[in-house]
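I opened my notebook for a friendly look through one structure. Here are my entries, in the order I made them.

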Amino acid sequence: MKSKNSLKDLTLLDRFLFAEAMDNPQNMRILLEIILGQEIALEYIPQTEKEQRSSPKNRFIRMDVWAQDEESTIYDTEVQRQNTKNLPKRSRFYQAMIDSKLLAPGVIDFNNLNRVFIIIIMPFDLFGEGRYVYTFSMQCEEVEGLGLNDGATRIFLNTHGNNEDEITPELRELLYYMEHTNDSEFEIYNDRIRRLRDNVRNIQESEEIGVKYMQLWEEKIMMEQEAREKGMAEGLAQGIAEGRAEGLAQGMAEGRAEGRAEGRAEGIQKAIIDNIRTIQETLNMTPEQAMDALKIPDADQKRYLEIL
């Protein structure tokens, strides 16, 4: 398992530091104004780790930073270190969950839906076109230039773009700083980004926030350990039950023994797969990182990757 980074080692592409920094409305405004190229007046204090749920039985989301401006535009801003291979559909799900909460019961005019921006900042090129910015909104495929104008926009930012001439120097500097937050040799020329850097340094030097980060890390380790132990116990129980049922159906001693063995193996495998997926979604890990957290031997990881 990877060792814990100190708070001072984190960058703005790490969720903890990003959320702590964007909890400050000044930092959130700087980020949004540089990305969108317009002035923004926030109406409320940004909310970090904001949870959206349509039903207790359904999948929920936890947004990194949620903000709303004085024109009632909603901004969901996310940082994503790992390419989980599902970001386009994940952004679609986030859009649906956000929209589902925007109209009060009894409101029948869908024109009252807020404008929504979903912004995802990544240290990799999700679409492989070498661009810093990929902006998506609904367009008609048959009529060029005909937009749906439904008020929904999704923006994917790549810190490793190479089309410098097509973005502002300020945005390029911001994206580099977010990935290289602790690069002492990086000279920042923009006044707003210097203010952001100073605020981030204060966070990294805060003893109180350092303790908060340490506690969060300890909780994460405990959750991983509990998930592993629970999965193994459930897998053994399920394997024994399935093995017994299969063995009795065969009606032979040999069949019972073989059925129990296979049942236990299948039960353990299913439990491990479920735990890998749970840790992936809960802790935003790649399959390999989740398996390392569960201490799955390297020799078995390839088999589980094929199933995943």
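Predicted model: local features only at pLDDT ≥ 70, side-chain atom pairs only at ≥ 80, totals over all residues.

**Entry: helix 1**

How many of the eight residues of helix 1 (residues 15-22) are buried? I went through the helix and found that seven of them are, so helix 1 is largely enclosed by the rest of the structure. I wrote down the buried ones: Phe-16, Leu-17, Phe-18, Ala-19, Glu-20, Ala-21 and Met-22.

**Entry: the chain as a whole**

I stepped back to look at the overall make-up. The chain has nine helices and six strands. I looked up burial for the chain too: 40% of its 308 residues count as buried. Of the contacts with a separation of 6 or more, 62% are between residues 24 or more positions apart.

**Entry: helix 2 against helix 4**

Two packed helices are described by the angle between their axes and the distance between the axes. With that in mind, I looked up helix 2 (residues 25-36) and helix 4 (residues 169-179), which pack at about 130° with their axes 9 Å apart. The crossing of helix 2 past helix 4 is left-handed.

Which residues make the contact? From helix 2 I listed Leu-31, Ile-34 and Ile-35, and from helix 4 Glu-170, Leu-171, Leu-174 and Met-178. Sorted by class, this contact of helix 2 with helix 4 has six nonpolar residues, one charged residue and no polar ones.

**Entry: aromatic pairs**

How many aromatic pairs does the structure hold? I noted seven, and I followed up two of them here.

Phe-127 and Phe-156 form an edge-to-face pair, with 5.4 Å from centre to centre and 85° between the planes. This pair links distant parts of the chain, 29 residues apart: Phe-127 sits in the loop between strand 4 (116-122) and strand 5 (133-136), while Phe-156 is in strand 6 (residues 152-158). I also asked about accessibility: is Phe-156 buried or exposed? Phe-156 counts as buried because its relative accessibility is 3%, whereas Phe-127, at 30%, counts as partly exposed.

Next came Tyr-176 and Phe-186, a tilted pair with 4.5 Å between the centres and 50° between the planes. Here too the pair links distant parts of the chain, 10 residues apart, with Tyr-176 in helix 4 and Phe-186 in the loop between helix 4 and helix 5 (191-204). Tyr-176 has 32% relative accessibility, so I put it down as partly exposed.

I then traced ring pairs that join up. They link Phe-127, Tyr-134, Phe-136 and Phe-156 into a cluster.

**Entry: positive phi**

Most residues other than glycine have a negative phi, and most peptide bonds are trans. I therefore flagged residues that go the other way on phi.

Ser-72 has a phi near 70°, a positive value in a residue other than glycine. I located Ser-72 in the loop between strand 2 (61-68) and strand 3 (74-79). Its relative accessible area is 31%, so Ser-72 is partly exposed.

Asn-149 also went on the list, with a positive phi near 55° in a residue other than glycine. Where is Asn-149? I found Asn-149 in the loop between strand 5 and strand 6. With a relative accessible area of 74%, Asn-149 is exposed.

Conventions:
Residues numbered from 1 in each chain as written. Heavy atoms only, no water. Axes fitted to C-alpha atoms, helices over the stretch in contact; angles between N-to-C directions. Helix = DSSP H or I, 4+ residues; strand = E, 2+ residues; numbered from the N terminus. Left-handed = near helix turned anticlockwise from the far one by under 90°. Contact = heavy atoms within 4.5 Å. Nonpolar A, V, L, I, M, F, W, Y, C, P; charged D, E, K, R; others polar. Phe/Tyr/Trp six-rings, centres within 6.5 Å; stacked < 30°, edge-to-face > 60°. Buried < 20%, exposed > 50% of the residue type's maximum accessible area, 1.4 Å probe, protein only.
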